[in-house]
Amino acid sequence: MRKSLLALTAGLLLAGNVSAASAADKLKIGFIYVGPIGDLGWTYQHDLGRQALVKELGDKIETTYLENVPEGPDAERSIEQLVRAGNKLIFTTSFGYMDPTLKVAKKYPNVHFEHATGYKRNPNMSTYSAKWYQGRYIQGLIAAKMSKSGVLGYIGSFPIPEVVSGINATVLAAQTINPNIKVKIIWANTWFDPGKEADAAKALIDQGADVIMQHTDSPAAMQIASERGKLAFGQDSEMIKFGPKTQLTSILDTWGPYYIERVKAELAGTWKSENTWGGLDSHMFAMAPYTNMPDDVKKMAEDAQDAITAGKLHPFKCPIIGQDGKQVDCKGGDHLDDGQILGMNFYVKGIDDKLPGK
Amino acid sequence: MQLALEKRAERSGTIALVSPLIAVGLTTATMIILFTILGKNPLLALHAYFIAPLTDGYSLQEIAVKATPLVMIAIGLSLCYLANAWNIGAEGQFLIGAVAGSWIAVKTQGTDAGAWVLPAMLVLAAVAGALYALIPAICKVKFGASEILTSLMLVYVADLFLDYLVRGPWRDPQGFNFPTTAEFDPVATVPLLIEGGRLHLGSVIALLVVAAAAILLGRTIRGFGIRVVGAAPRAARFGGFKANQLIILTFAVSGALAGLAGIIEVAGPVGHLQPGISPGYGFTAIMVAFLGRLNPLGILVAGLFLALTFIGGEQAQIAMKIPLDVTKVFQGILLFYVLACDSLILYRFKLVFPSRQVARGDG
């Protein structure tokens, strides 16, 4: 019995190796996710991107993912595990993986890495992100039109430039409709914690906000806004089913086209380390249908979207006045340049709050 | 006829030895069923979990790296638990140690500070962890406050304190507001044992801690006192062992070890201070302490074994697309069986025949 079991084990293992060998012809692509793929937000969208990749190139590639990898001491090991499993192109999909990705990238110069939303690169490590502030600008316009109280509620994750530029874009847009618009900001200090996000939404509504916007990943805030009969914007993914009468629109991360493009480059041997920062024009993200608003507001939003896509409207058009009342340097001609937006560390005038750490 | 548990007249030595084996056997059997239900080949899955990580040097290193903080913390906790002092807050002591040690690293950053930096960080971390652990210990001894509650609550205090520091005063000026300190200087980093690997000096320190604990418990009066106070408090009093003194001592030692583990993790694998430096090491170590039966060598084995399930779980996720949740279920099942089998040391099964008794007629 024992012997036959051993033989069986050996046979199975051998079978496993054989299938591994045939899979070796395919290019192996790895993904590291910060949340569970069922978060219905950030990680969910990355996984949709991966699925789109498989659908497009499934006969040439094999994908593997590790989910729920904390941005701590385990991240480096998880990335290295993917390398050691033979993955040749690895997408690390959260800001906190920046240093671990760089460490592993330096150790394995023949493997290519793609880090989302970071700023450190290497000859074998690209970065990619989207100009979500463009979508935030459209949301700011809608919010100011739809708010009766003139108070917007904003749930922030971390006060990093990506989030700060989103808040500023929202406020700048809203001020064009209602110069006295107020925004209340709560920092959840997490990307994904439905309980905290829900608490933040409740607190914001209690402070008079009637339109809730978020830079965190779960639909919890949408659900609270829906319960309380307020309006809200989704984040990362389509959240309309959590608030059919609540969602105005949502910024949808559409990673699929980018992933397909990069993997095609890898397959063709033309992959290079790059810094990709795509906007509405390059389809790095999209806006969910504009719902729960009158036709004129919808028209305004669509016009703004077209103008931004066509490059006619820039959310950070100069002059921009900082919170301190001083005009911000205009390094991009008639708008702020990419570097200023990527490193944004100030609030614009009209935000009655203090940027944490300032 | 029904099955009942009956207390044994004395501990069963045989069961004490074989019960972990029974537990592992039952866990394996359950996992085979689970893998089959998931449609995965159970033998391949078990191979990915247990065998594959042991067959290459890289995975062995990773197991040691992962086990290092678990073993160090668990050794300290075992001393507490043996003395009947319930330190649940090792996670907080771990964080405070990390914070205290990082203080030196942050303050000396970019200066020409010499080789004294790392040793000073280790010492300060241990002292801070010990002092932090003394808060619940003193509250217990002086005021009779439940150390379980106070030590647990102090975890959140430590967590928020660390959070405040990395978001405020210690934030990396070049870090785009992200809550982290700058990377530590080389003199403030735990040296690697193998160039290009991840195995670091901390693993050696953990082994020394295991050895020291084994000597303390096995060969010294103090160690004997710890065990007697826990096992037979009245006897200990007659023997002249002071329970309160031992509570203070074990808490301090356990806090020091947790603090040391904290700074080693931060100055080693992580390289800077940030929130989330501990994926629950302080709590997982409680499991390690009990799996290792509060025995230093047992804890070493248990820590390595638990680390193996982490690494193996990851490899199973990569190689066989087995969800991460299965690894967590697996660890839970293992702990459940270990504790269940342990009850057989003190109890045994007995068939009870309800003869000459009126059957309780509620059916």
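# Notebook: a look through chains A and B

**Strands in chain A.** I started with Ile155(A), which stands opposite Ile186(A) in strand S7(A). I am working from a predicted model, so everything here is read off that. Strand S6 (residues 151-156) of chain A is joined to S7(A) by 6 bridges, and the two run parallel. Is S7(A) enclosed or open? I found that 5 of the 6 residues of S7 (residues 182-187) of chain A are buried, so the rest of the structure largely encloses this strand.

**Helix H4 of chain A.** Next I checked which residues of H4 (residues 98-107) of chain A are buried: Met98(A), Asp99(A), Pro100(A), Thr101(A), Val104(A) and Ala105(A). I then looked up what covers them, and the cover includes helix H3 (73-84), strand S3 (89-92), strand S4 (112-116) and strand S5 (125-130) of chain A.

**Leu40(A).** I picked a loop residue here, as Leu40(A) is found between strand S1 (27-32) and helix H2 (42-57) of chain A. Is Leu40(A) buried or exposed? I get 25 C-beta neighbours inside 10 Å, so Leu40(A) counts as buried; the cut-off for buried is 20 or more. Beyond its neighbours within four places in sequence, Leu40(A) is in contact with Ser218(A), Pro219(A) and Ser237(A).

Most residues other than glycine have a negative phi, and most peptide bonds are trans. Here is what I noted:

- Asp236(A) is not a glycine, yet its phi is positive, near 70°. I placed Asp236(A) in strand S9 (residues 231-236) of chain A. Asp236(A) has 26 C-beta neighbours inside 10 Å and therefore counts as buried.
- His283(A), also not a glycine, has a positive phi of about 60°. I find His283(A) in the loop between strand S11 (275-278) and strand S12 (285-287) of chain A. His283(A) has 14 C-beta neighbours inside 10 Å, so I put it down as partly exposed.
- Cys318(A) and Pro319(A) are joined by a cis peptide bond, with omega about 0°. Pro319(A) sits in the loop between helix H10 (295-309) and helix H11 (338-342) of chain A.

**Chain B overall.** I moved on to chain B and counted 13 helices and 2 strands. Its C-alpha trace spans about 85 × 60 × 40 Å along the principal axes. A compact globule of 363 residues would have a radius of gyration near 21 Å, and the 23 Å of chain B agrees with that. Buried residues make up 48% of the 363 residues in chain B. Among chain B contacts with a separation of 6 or more, 78% come from residues 24 or more positions apart.

**Domains of chain B.** The domain assignment gives domain 1 (1-38 + 324-363) and domain 2 (40-322). I get 31 Å between the C-alpha centres of domain 1 and domain 2 of chain B. How many residues of each domain are in contact with the other? I find 13 residues of domain 1 of chain B against 10 residues of domain 2 of chain B. On the side of domain 1 of chain B that touches domain 2 of chain B, helix H1 (13-37) and helix H13 (324-346) of chain B each supply at least two residues. H13(B) gives the most to that side, with 7 residues. By class, that side of domain 1 of chain B has 9 nonpolar, 4 polar and no charged residues.

**The core.** Which members of the largest nonpolar core touch the most other members? Of its 109 residues, they are Val71(B), Ile73(B) and Val288(B). Domain 1 (1-38 + 324-363) and domain 2 (40-322) of chain B both give residues to this core, so I place it between them. Another core of 99 residues lies apart from it, and its members include Tyr154(A), Leu231(A), Trp255(A) and Phe178(B).

**Where A and B touch.** The contact takes 31 residues from chain A and 26 residues from chain B. Helices H2 (42-51), H3 (57-82), H10 (243-270) and H12 (296-320) of chain B each supply at least two residues of the side of chain B that touches chain A. H12(B) gives the most to this side, with 5 residues. By class, I have 13 nonpolar, 8 polar and 5 charged residues on the side of chain B that touches chain A.

Conventions. Residues numbered from 1 in each chain as written. Chains lettered and ligands numbered in written order. Predicted model: local features only at pLDDT ≥ 70, side-chain atom pairs only at ≥ 80, totals over all residues. Core = buried A, V, L, I, M, F, W, Y, C linked by C-beta atoms within 7 Å. Buried ≥ 20, exposed ≤ 12 C-beta atoms within 10 Å, placed from the backbone. Domains from an automatic or database assignment. Contact = placed C-beta atoms within 7 Å. Helix = DSSP H or I, 4+ residues; strand = E, 2+ residues; numbered from the N terminus. Nonpolar A, V, L, I, M, F, W, Y, C, P; charged D, E, K, R; others polar. Rg over C-alpha atoms; globule rule 2.2 N^0.38 Å. Pairing = 2+ DSSP bridges.
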